[in-house]
Amino acid sequence: MKKLLLLAAAAAVAMSGCSNDGNAPSVSASSSKALSFSTFVEKTTRGQNAVLSTKYPVNGSFLTMAYNTGTNPLGATASLPYSFNYMRNVVTYDGVNYNYYPTHYWPETDKLSFFAIHPADNNILKYTTPATLSTTASPTMGLPVVGFTVNKDPLAQADLMMAYAIDQTSTTSAGTVNFAFLHQLTRIGFTAQLKQNYGAQGNYIRIDSIVISNVADSASFSFGNTGAITESTPAIRNRKSFTLQSLSNMKNSGYVTSTTADSVNLKNSYLLMIPADYSGAAAVAPQTGLATITVTYDVECADGSKATHTIIKTLNSLTSGNVWSAGQAINYNMTISLTAITFTASVVDWTTPITTAALN
């Protein structure tokens with residue numbers, strides 16, 4: 001999976017807002033209003049650990065954290081310090097209910113601000129507790145920050161989603177916290193088509209590999225005191241590359257047989273990448289080379305001979321598809337002939353049908 005480092009303003013799992021852990025809560029809590037959750041996914045995506053629709057996946061889980069801000073909204077200058085440890089739990093959806101343990105209850109008057117991160121996997125999430133939460137000099141100090149590194153293996157890549165619900169009370173949505181999860185990564189896919197029906201002459205074309213090189217592999221995603229999520233400058237490292245292989249990641253083992261564009265990626269093999277801008281004419285520091293797409297394909301002729309071809313395209317040379325934004329899906333379309341590949345690209349929001357783009 002992609003490696004996440006979560007810096008969360010939360011302490012132990014024994015929460016001050018928990019009514020059944022044997023400890024007296026630090027705030028007055030209502031015995032009749034248990035905290036409950038519901039979710040909605042803003043946009044769809046694909047990938048081994050990705051959400052496929054606007055519904056939260058059955059057996060999916062997310063980490064949720066709650067801050068008690070007293071009677072003031074998050075970011076106010078009064079009633080400090082905030083309670084860092086009101087709640088930190090993993091919530092799992094069983095198809096009907098959102099379950100977590102132990103149950104927490106709403107305070108009578110205080111406001112709670114919630115932050116959620118998907119996926120919630122203790123094997124890839126690590127936590128530290130900041131010493132303070134300042135609302136004056138640095139209003140976001142102490143709010144959750146997700147440090148994310150893309151897994152090299154497309155089959156192990158995770159769909160990073162984040163959600164928030166600010167200044168909630170027991171009367172907000174009848175006591176249910178509604179999370180609208182937002183995708184933080186860019187989904188990269190490929191489609192391919194033949195310029196002519198070469199199979200009619202007994203010639204076959206097979207994509208062997210597609211490599212995206214010199215692209216960002218890590219970044220930090222921070223919650224603000226309004227809940228808005230911002231991405232730090234991504235780390236774009238020289239020679240960082242991600243590869244799709246014909247046998248493990250491509251439909252039809254990489255063979256392209258139609259003159260109509262069709263997806264190359266298997267459902268679990270779209271690349272989920274760090275958003276970044278590759279439209280510039282120069283390399284983005286600290287990389288020393290431009291971001292590129294390299295396609296290697298074999299032409300198998302009717303007489304049994306075979307030749308391997310390699311086409312390299314820089315992202316900054318494309319008129320679209322060279323800026324990767326959070327929540328966007330980008331398709332690079334390849335039109336393959338016996339002499340050349342051409343590239344175009346299209347950028348679409350994940351909520352709309354995907355159109356094709358050619359890599360010429």
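This is a predicted model: local features need pLDDT of at least 70, side-chain atom pairs count only at pLDDT 80 or more; totals for chains, interfaces and linings use all residues.
Ala, Val, Leu, Ile, Met, Phe, Trp, Tyr, Cys and Pro count as nonpolar here, Asp, Glu, Lys and Arg as charged, and the others, Gly among them, as polar.

Start with the space inside. Rolling a probe the size of a water molecule over the atoms shows where empty space is left. A search of the whole structure finds one cavity of 30 Å³ or more. Ten residues line this cavity, and those closest to its centre are Tyr 278, Gly 280, Ala 282, Leu 290 and Ala 291. About 50 Å³ of space lies in the cavity. Its lining is made up of seven nonpolar and three polar residues, with no charged ones.

Next comes the largest pocket, which holds about 170 Å³ of space. Its lining has 13 residues, and the closest to the centre are Tyr 255, Val 256, Thr 257, Asp 262 and Ser 263. Two strands, β18 (255–256) and β19 (262–263), each give at least two residues to this lining. By class, the pocket lining contains five nonpolar, six polar and two charged residues.

Now turn to the backbone. Most residues other than glycine have a negative phi, and most peptide bonds are trans. Some places in this model depart from that pattern.

Which peptide bonds are cis? One runs from Tyr 101 to Pro 102, with omega near -5 degrees. Pro 102 sits in the loop between β6 (98–99) and β7 (105–107). Another joins His 118 and Pro 119, where omega is about 5 degrees. Pro 119 is in the loop that connects β8 (111–118) with β9 (145–149).

Where does phi take a positive value in a residue other than glycine? Asp 167 has a phi near 55 degrees, and this residue belongs to strand β10 (residues 161–168). Is Asp 167 buried, partly exposed or exposed? Its relative accessibility is 22%, so Asp 167 counts as partly exposed; the cut-off for buried is under 20% and for exposed over 50%. Asn 252 also has a positive phi, near 55 degrees. Asn 252 is found in the loop between α1 (246–249) and β18, and β18 is one of the strands that supply residues to the lining of the largest pocket.

Note on methods:
Residues are numbered from 1 along each chain as its sequence is written. Side-chain values use heavy atoms; hydrogens and water are left out. On a 1 Å grid over the protein atoms alone, a cavity is a set of points where a 1.4 Å probe fits but cannot get out, and a pocket is an open set with protein on both sides within 12 Å along at least five of seven lines; lining residues have an atom within 4 Å of a point. Grid points are joined across faces, edges and corners, and a volume is the space filled by probe spheres set on the points. Helices (H or I, at least four residues) and strands (E, at least two) are DSSP runs, numbered from the N terminus. Buried means under 20% relative accessible area, exposed over 50%, partly exposed in between (1.4 Å probe, protein chains only).
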